[in-house]
Amino acid sequence: MITRQRLAAGACVLFAALAAGIALPSTALADETTAAAPKVNLVLDVSGSMRARDIDGQSRMAAAKQAFNEVLDATPEDVQLGIRTLGANYPGDDRKTGCEDTAQLYPVGPLDRTEAKAAVATLTPTGWTPIGPALLKAADDLDGGTGSKRIVLISDGEDTCAPLDPCEVAREIAAKGIGLTIDTLGLVPNTKMRQQLSCIAEATGGTYTSVQHTDELTDRVNQLVERAADPVVTPVATEGAERCAQAPTLKSGLYTDREEFGQQRWYRVDVLPGQELRASVSVSADRDVNPAYGVLLRAVTVKGREIVRGEAAGNGRTDVISTGLRHPKAERDDVDADKPAAETVCLQVTHSFSAASGVKSTPGLPLELTIDVVDGPSPSSDVAAFGLGRGWWLLGALVLTGFVAGLLWGWLSRWRVAVWRTN
């Protein structure tokens, strides 16, 4: 009897161990999938001005609800979506209380469409427009995970809670280097609102869209939610140095940094013989700057000798300026072990943006650096044979086709002449 009980107990332990062995990898896999899932936080303005009836004969709030319902139906299964409101709960006149009126209507996570729609249906235009505080909270809602992160802000007016400037808030969020993008949509916009929402979007590499119809709002929000589901490369925050000797060594990837006016940033990249360094940099003006500016990207040796440079200039028509360079390192013919196998290339980034009157110089302008170290092209593939390169294949095919066509045409002509003579 005791033996049977021990056998039964042992079987139970073995079964439990096997079950755990099977369950744990599945749980771990599920956790990894959840951590890498794209996240979107819809931030909706529910202030009193949303009562205005100027969108397709209905109120702005009704248009937003209709658009949200259609967006919730179309949200991809792999997207974790949340909804945050601003100005939805406090109807009073106390500024301090009104500027704290932001709440998470639906938490960021797997989407229950019925529950989310029920939450949206309860919204009524109420109070203030605390865009800055809402953006800070919305960024916290998206904390954690490795997937793409996107805030979509829908508002019908500018922030009413200065001095917490929403544009400065967006710059602070971008400076954290968490790879979060803020897109903004303005309902029936005016000039001041357009400038503020554009500034918020530009600070994080997002987009601004003016909306005056319900279908435009639905289509644009759907596009942004679907864009979040697309595979993206999340930039890695780095900090360049004032000299090459102290600069961080970067590998292939996408990096973000900040560079103040009149500053230069240095980075290092190791390039092996037979490899090619491809680098590009973009600097964006996320605040008012003077119209003439440029950006310079230099590749130099550790001893200061310039290898190659790329530069570009702007005249104020665009807020982003970019340039790039390529540096192939030839294969080594010798096998001297005393020589270093890799060459350290120093990359220097300098821009000539200048601040307009009264504009803050900190934090620095956002900088995005792309590094790609690839195998260099083989010499034979880059040499054109008599200027034609691989065009010889096409030329040979055309000659052969012409020859065969000529033989067929000649034979057909002779046959027709022979038939004519016989008749």
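**Contacts and cores**

Q: What is V225 in contact with, leaving aside its neighbours within four places in sequence?
A: V225 is in contact with V40, L42, V71, T75, P76, V79 and L81. Contact here means heavy atoms within 4.5 Å. The model is a predicted one, in which local features need pLDDT of at least 70 and side-chain atom pairs count only at pLDDT 80 or more, while totals for chains, interfaces and linings use all residues. Residues are numbered from 1 along each chain as its sequence is written, and side-chain values use heavy atoms, with hydrogens and water left out.

Q: What makes a set of residues a nonpolar core, and which residues have the most contacts inside the largest one?
A: A nonpolar core is a set of buried Ala, Val, Leu, Ile, Met, Phe, Trp, Tyr and Cys residues joined through side-chain atoms within 4.5 Å. The largest such core has 32 residues, and L42, L44, I154, L185, L217 and V225 have the most contacts inside it. Elements that give two or more residues to this core are β1 (39-45), α2, β2 (80-86), α4 (113-121), β4 (149-155), β5 (180-187) and α8 (214-229). Helix α2 gives the largest share, seven residues. A second, separate core has 25 residues, including A279, V283, V345 and L367.

Q: Why is S198 called buried, whereas N69 is called partly exposed?
A: Buried means under 20% relative accessible area, exposed means over 50%, and partly exposed lies in between (1.4 Å probe, protein chains only). S198, found in helix α7, has a relative accessible area of 17% and is therefore buried. N69, found in helix α2 (residues 60-74), has 28% relative accessibility and so counts as partly exposed. D56, placed in the loop between β1 and α2, is at 45% and therefore also counts as partly exposed. Of the 423 residues of the protein, 41% count as buried.

Q: Why is α6 called roughly parallel to α7?
A: Helix α6 (residues 166-175) and helix α7 (residues 191-203) pack at an angle of about 5°, with their axes 8 Å apart. Angles under 35 degrees count as roughly parallel, over 145 as roughly antiparallel, 65 to 115 as roughly perpendicular and the rest as oblique, so α6 is roughly parallel to α7. The axes are lines fitted to C-alpha atoms, for helices over the stretch in contact, and angles run from 0 to 180 degrees between N-to-C directions. In this packing, P166, C167, A170, R171 and A174 of α6 meet Q196, C199, I200 and A203 of α7.

**An aromatic pair**

Q: What makes the aromatic pair of Y293 and F353 stacked?
A: Rings of Phe, Tyr and Trp (its six-membered ring) pair if their centres lie within 6.5 Å; planes under 30 degrees apart count as stacked, over 60 as edge-to-face and the rest as tilted. The rings of Y293 and F353 are 4.3 Å apart centre to centre, with 20° between the planes, and the pair is stacked. Y293 lies in strand β11 (residues 293-300) and F353 in the loop between β14 (343-351) and β15 (365-375), so the pair ties together parts that are 60 residues apart in sequence. Both Y293 and F353 are buried.

Note on methods
Helix = DSSP H or I, 4+ residues; strand = E, 2+ residues; numbered from the N terminus.
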